[in-house]
Amino acid sequence: MITFVARRLGYAIPVLIGVTIVVFLTVKIIPGDPVALLAGPGATPVQISALRDRLGLGGSLPDQYWHWFSHAIQGQLGLSTAKQQPVAGMVWSAFGNTLILAAYAAVIAIVLGLVLGGLGALYPRSIIGKITSALSAISISAPQYSLAIVLIIYLAVNTGWFPVSGMYSTNGGGFVDLLEHGFLPAITAGLVPAGVIARIFRSALLDVLAMDFVEALRARGFSRRRVLVHAIHNTVPSLLTIAGLQLGYLLGGVVFVETIFSWPGLGLLVYQSISARDLPVIQAGVLVSAVAFVVINIVVDSLHALVDSRVRVS
Amino acid sequence: MTQIFRLRGDAAGEALAEVTEAANLETVPVPRAAADVPRRRHARRWSLYITGFLAIALILLAIIGPFIVGDPNTGTVTARLKGVGASGHLLGTDGQGRDMLTRLVAGARPSMISGVVPVLVAAVIGSTLGVFAGLSGRVVHAIIMRALDVLYAFPAVLLAIAIAAALGPGTKNAIISLSVVLIPPIARIAETETARLRDMDFMEAARASGANRASIALRQVLPNIGPALVVYCTAAVGLCLVYAGGLSFLGLGVAPPAPEWGSMLNDLRQYIFTNPTLALIPATVIGLASIIFNLLGDALRDALDVRKEARA
Amino acid sequence: MSAALSVTDLRTAFGGKRDPIRALQGVSFELNSGETLVLLGESGSGKSVTIRSIMRLYGKTTDIGGSVRLDGRELMTLPEGEMRKIRGRSIGLVPQDPTGALDPLRSIGSQLVEMLRANGMATSRSAAKARALELLDAVGIPDPKRVARSRPHQLSGGMRQRAVIAIAVSCEPAVLVADEPTTALDVTIQAQVLEIFLDLQRRLGMAMILVTHDVGVAEEVGGTIGVMYAGRLVEVGPAAAVLASPRHPYTRGLLESLPRPGIKRGELPVIAGRPPLTGERIPGCPFSPRCPLAQPECRIERPPLILVEENRLAACPIVGHAAGQDLREKVSA
């Protein structure tokens, strides 16, 4: 088990390095000269090139990469051009908020997905089964932003049940306030993963229930409930397989959700930086998200290997 | 369940001797009610026809759309924000008095282009990469797959946003960005299927006959991995429509005032508290288009009998 | 003293009211403790359906008629909750594919422990664990502790089969049922596994039903053979006797079509026609379309099992001496 995790970690390192290269290059393809813009219209060429050197943007491409990379590793992600604050601080606090939202959405996605998928598997021909499979088909396709708008309209504007922006009320605070504010964004973010989980759980459960060992379990005199528990246990590997992907989807999709609901997370930060052409922040934001995604995948893969020992040998 | 041989009592004495070597009679699963099977197949074929028809209708709409409606950009301030069913405006008007229905139909083309072209581009590039990796030696294979893994390490949406943001707004840049995002999954499917085929006997026969890699790729591999690719790409169109709409929603795709479903949505967002139903319209349209292609992908998968892959 | 297992006119039909597939059309036999019945037949003959019907493992869409008495107690009318207690505890099943019969994610030991505790055979975990190790030893596993810790995929096919057998006998059932116990195994291991069955039977005094298509298994195990064809028993008798001198034309054809030393290829006799599909409807005697002895009457009325000589039943009036012996007797070996 330990060797498995170690192997995965070792494998992740070149990928992470590649990630930093991609992030670096992505910003490099932006047309125009950001340094000249930064220096202002009245700057002399000498001042511009001095600024360029100071920002580490002089020299060859590999040199620039190394300059940026070595600082990033130490947690120095530069200075935001728009706000003149250290990027690292901005990004970390925003990331924390995104994690909260992602966790909230994940809980909704898992609960909803397992319930819908389970009902769909156990009662395939009943009304419930048909409804749940239709729902999961729809929720997979629904664009998050569409959904967000629908939810806002019906659950907030018309009814006033839930707040539509921000993380806390201006004079509020505390856990319940957070839950209220987070409800709509979390459902919006979590609905598509819920649909995917429902689908996978349903098909995995049906597959398992058709397997020989379910009959063998019944022949051992186990109750329906016990057989079902074992069957569900056997769907966990399949679920974990897509869990990583779904979490990635969550991390990426929060951009829309945070923008619409004004949730102060990493997605909103990146969006605002796009409008403001604040390159260091965009860079740092994408980098942090990607690294988080890789780490999450390693954790999920390790859980998978823990549950299903067949995976460890490959 | 696999079937071994039947103990045939008919004339094939030789085959029979082979078969009965281990007194092996046959294993057949418990039969299920015969009535079920044709009904299910029937239903599957209908879903294929319906979704296929709808998808083609969407594509046609995209092609001829701008020709059959008026100018989507004219609007009078006096006519702004009329609701659904107003006279002369079946689906109402937006904040600048432009007719929604006209904009939706005219917007079909840029929306569908942003949804379909990246898939096509990624399909060509991705399957080439994947097949090449699948047929190559270990080193080349490893390099290609690891490079793709790096792209995979990004949440797809974020990567699309980052690239599109870097390149700037505009349809062309959105297409480039979405293509890059779609290449890794397509390449992976191509590589997996190619690797699966590589070990089969007919591939060895092709290699032994002296065919070079390119012709093997074209003649043997491509036709066999075709179904899996087609199924994924169809679903990918659904996904790409949503992503493209999202990019426009964030201001990164089609530039206003050109109509495009995503940017229409962004535009109408500000009126959510006063005229909520207006924003619903492009939202629903994007959702419907995406659902159609997703369901088409499912129907194709059933029809072409491709094994299910857990790709999301 | 009532028989351990008494099956009377067991009929099983799949698929509901409209067009049911009659997989079993009246199977009857009786088995005492310590006795073995080998159900021999091709696929579609109904042999696997028989044991699953006895254990009531089918769902609601399957209709089972007839009577099954376990030590005098009628099982067919039991409510499901009571039947559940019978399964595992009083009737043990060794399923066909050992790999498929085990939960792939859990260790052998934990599956054994669960079996013991769920069926009330052990009160504490430690008692269950100790018993599990004993059971693994009883089925001839050399290193019980290692196997108990292992998951199914870490073990060889033979080990898995032994583990499955251990689970099946763990509650010391009165009846042990095995479905194709040797099919998934290498030939070299088959004999060992059959020996385990016989050994356990001796020790626990179980009544045993072995379902197989392999005549070699019948030879090895002995006991009584029941040859099945088209959902019925067509011949029943002591194993050695049936194999040496089969009476029913189907049994004869079957045994003659097996390769033997000295017979060259091309000389092997063959039964004309093809075996019937599960539940296929055939008028009169189901074997008549392929039977070399068939008479016109055979197509009209289905022949019952009759005593054709001492200790031998066959469902064929032609081979039975028709001296008025139309007795529907059950045979005990």
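**Exercise 1.** State what share of the residues in chain B is buried, and describe the secondary structure of chain B.

*Solution.* Step 1: of the 312 residues in chain B of this predicted model, 46% are buried. The cut-off applied here is 20 or more other C-beta atoms within 10 Å of a residue's own. Step 2: count the elements. Chain B has 10 helices and 0 strands. Step 3: write them in sequence order, which gives the pattern α-α-α-α-α-α-α-α-α-α. Step 4: turn to the contacts in chain B with a separation of 6 or more; 68% of them join residues 24 or more positions apart.

**Exercise 2.** Describe the sheet of chain C and find its edge strands.

*Solution.* Step 1: list the strand order. The open sheet in chain C has 8 strands, ordered 6-7-8-3-9-10-12-11, with mixed pairing. Step 2: look for strands that pair on one side only; these edge strands are strand 6 (91-94) and strand 11 (306-309) of chain C. Step 3: from one strand to the next, the twist averages 25 degrees. Step 4: examine one pair. Strand 10 (residues 232-238) and strand 12 (residues 312-314) of chain C are antiparallel and share 2 bridges. Val236(C) has Leu313(C), in strand 12 of chain C, as its bridge partner.

**Exercise 3.** Determine how many residues chain C and chain A bring to their contact, and classify those of chain C.

*Solution.* Step 1: chain C contributes 22 residues and chain A contributes 19 residues. Step 2: on the chain C side, helix 2 (80-86), helix 3 (98-101) and helix 4 (108-118) each provide at least two residues.

Definitions and conventions. Residues numbered from 1 in each chain as written. Chains lettered and ligands numbered in written order. Predicted model: local features only at pLDDT ≥ 70, side-chain atom pairs only at ≥ 80, totals over all residues. Contact = placed C-beta atoms within 7 Å. Helix = DSSP H or I, 4+ residues; strand = E, 2+ residues; numbered from the N terminus. Nonpolar A, V, L, I, M, F, W, Y, C, P; charged D, E, K, R; others polar. Buried ≥ 20, exposed ≤ 12 C-beta atoms within 10 Å, placed from the backbone. Pairing = 2+ DSSP bridges. Axes fitted to C-alpha atoms, helices over the stretch in contact; angles between N-to-C directions.
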